[in-house]
Amino acid sequence: MPRSFSRRFIQHGLLLCTSAIGTGFLGQYILQKNTLNAYNHPLHKPAVWLGDYPSREAQIDIMSKEAEYDIVVIGGGATGCGVAVDAASRGLKVALVEKYDFSSGTSSRSTKLIHGGVRYLQKAILQLDREQYHMVKEALSERGNLLKIAPHLSYPLPIMLPVYKWYLLPYYYAGIKAYDFVSGRQLLRWSYVISKNKALELFPMLKKEKLVGAIVYYDGQHNDARMNIALAFTAAHMGANVANHCTVTEFIHENIQVNNKEGQTETKKIIRGIKCLDRYRNKEFSIRAKCVVNATGPYTDVIRQLDDSSVPKICQPSAGVHIVLPDYYSPNNMGLLDPNTSDGRVIFFLPWQKHTMAGTTDTPCEITDYPSPMAEDVDFILGEIKNYLSSDVEVRRGDLLAAWSGIRPLVLNPNKKDTQSIARNHIIHVSDSGLVTIGGGKWTTYRQMAEETVDRCIQSANLEPKNDCITKGLVLSGGEKWSPTSYIRLVQDYGIETEVAIHLSNTYGDQANKVADLSILTGKRWPVVGKRLHEEFPYIEAEVHYAIKEYARTAVDILARRTRLSFLNVIAADEALPCVIQIMAKELNWNEKKQKEETDRAKTFLLREMGLNLKRDMRRNVPINFTREEMRYYMKHFRQIDVENKGFLTLSDLKRHLQRMKISNSVSTTDSDISPEELRILMHEVDQNQNGIIETEEFLQLMSAINTGAVSTSHFIKAARIAKIKNNSMVERSGGGV
């Protein structure tokens, strides 16, 4: 029996190895054949390209006065802006309105990958699913196009798939080689197998126990929000009228006479436009159009039922949570794929914007304007990360820098009789009133979705375009004259820091000089211009001025999408907020009431949607559970600061204690002065209820959070020089009180 089992095991192993090798050679052969015969779309710009575009308010005035548009698009995400670009490139008259900001929804909360989907290909092969296979093939083709038309915003990224069981190596290798093969002409780089030692060299943080090797393949990565904004202003450069912060309140309907199937005349209600509210100016206006496109993602049903309240819902929303960790959790040029998490989902672990991003979850949810990351989702992701990282890397909740949730708009297909099955790809549906709805899909395939949507608009509304679709190879705004060395000119011509120059070049492309032109003197020898919004990040004040020209009208627009500060470090975003408010108030003539409204709205956004509440709750929820020795130790330090034995610490107590410490360490009297800003940071860090004093419980809560890893670092502990006490193996814990 053992011998028979061993023989079968070896046979299956050889079969898997042979299949993997065969797949690789066959894929390479066919790819070379495809390379010779493939049609290559050259990069190009459209015939009409305006050097500048109107202000946001001028755009709205134009929309309200225009007699009739060919197409008006509702939704300023990737799909909606893609539709506007496609329609404008065909010479059609186009308008677009977005309820909040361009990319304010799902399009800015993605995994930042431009990919076909390795797991979808796996399902397509194992389930012999032709539809899923074509979805992957289409996405891989679009991946190659997107990397070419926006080279400043996108780039190839190697992703490692670590293997911990030797018999899985040929299985995964065959699957990844199939992914290469399906890429066809748009292959980025060949995937390859590496040894255990090489894997640890490329990804030193990887868990080495039982590692047998790894497979490295390539996908694309991008700055999703900035890509979306580039799409919006590419459409504007081509003559489309676009505006954010405009919500649709109702449709403009018109009754017409048509003949039914029996040849009898009947009245039919069709859409002839939309009524909108400019949320920034609180001003109503109307847009008339021959065709209206519903590209609202998770809000698909809201718009469909605004047209016809009797239609069934087709959107099946699913929340995907991502978290951001410090850069030391991953190398800066290699991602990681966990193909089989504890609950069967896929987790990506990727370097992004000099940080480490991990996600995503997939949980059914309700539609909301304010999707919030849940603590259990964050814990799940951290737990999966821990399974793949070396024991030398302590995965701590306190290292969480930001967290967000994006709503993925999965849809049922209303065109099919079986309306209960979720569409694997995108769907396009035309209602009886003429509303064209585009739903589902993914970021990578936005262009193909837009092309098909405009085709359906032309067909259903009898539009007359000047030319066919030309968006394959159509360079987006900022990409035409950009090169990887463009940043050097910014350093040389303006005296901008190299880090800042690289950021500007990789964000604005060949438009980066326009941002640099708005930069003010720093008052330093170097850099000459380019004052930072936050000292830890390369974002500069000039970007706020430029963002206002790009229709940014709230502080959240700046923190979340024009810069990515809130997505990278929510505390840094909170610290940069006053500066952002100050610049916007001056540019947009905000009074004190408006400034307070914007400040409060931004703080609520950071707390609710970017994970700031999670960071605070992590500390508050840590039990105070010290040994008696630890309790005596920490209370001794507390009383050294609270010399009056009040039971709480004030700002004066902190200042006096820190000055005394500096003097005792032979620091000159002048040097011992503590700046008000330094004191504010220390106080804010410990004073959880923000009542202006540090209570004993708050002090002990911080000590406990540091001990458990719920807080990674503390300015207060470093300044007060409170060392972490070494635990004794024989301990007697306190009851959790003070």
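Helix α2 covers residues 56-65, and its buried residues are Arg 56, Glu 57, Gln 59, Ile 60 and Met 63. Buried here means under 20% relative accessible area, exposed means over 50%, and partly exposed lies in between (1.4 Å probe, protein chains only). This is a predicted model, where local features need pLDDT of at least 70, side-chain atom pairs count only at pLDDT 80 or more, and totals for chains, interfaces and linings use all residues. Residues are numbered from 1 along each chain as its sequence is written, and side-chain values use heavy atoms, leaving out hydrogens and water.

- Looking down the axis of α2, you find its buried residues within an arc of 155 degrees, so they line one face of the helix.
- The arc is taken from the directions from the helix axis to the C-beta atoms.

**The largest nonpolar core**
- This core has 62 residues, and those with the most contacts inside it are Ile 159, Tyr 217, Phe 348, Leu 565, Val 580 and Met 584.
- Helix α18 (residues 570-588) gives the most to this core, with twelve residues.
- A nonpolar core is a set of buried Ala, Val, Leu, Ile, Met, Phe, Trp, Tyr and Cys residues joined through side-chain atoms within 4.5 Å.
- Helices (H or I, at least four residues) and strands (E, at least two) are DSSP runs, numbered from the N terminus.

**A loop residue and a helix residue**
- Pro 298 sits in the loop between β10 (283-294) and α9 (300-307), and it counts as buried at 12% relative accessibility.
- Leu 126 belongs to helix α4 (residues 118-126) and is exposed, with a relative accessible area of 57%.
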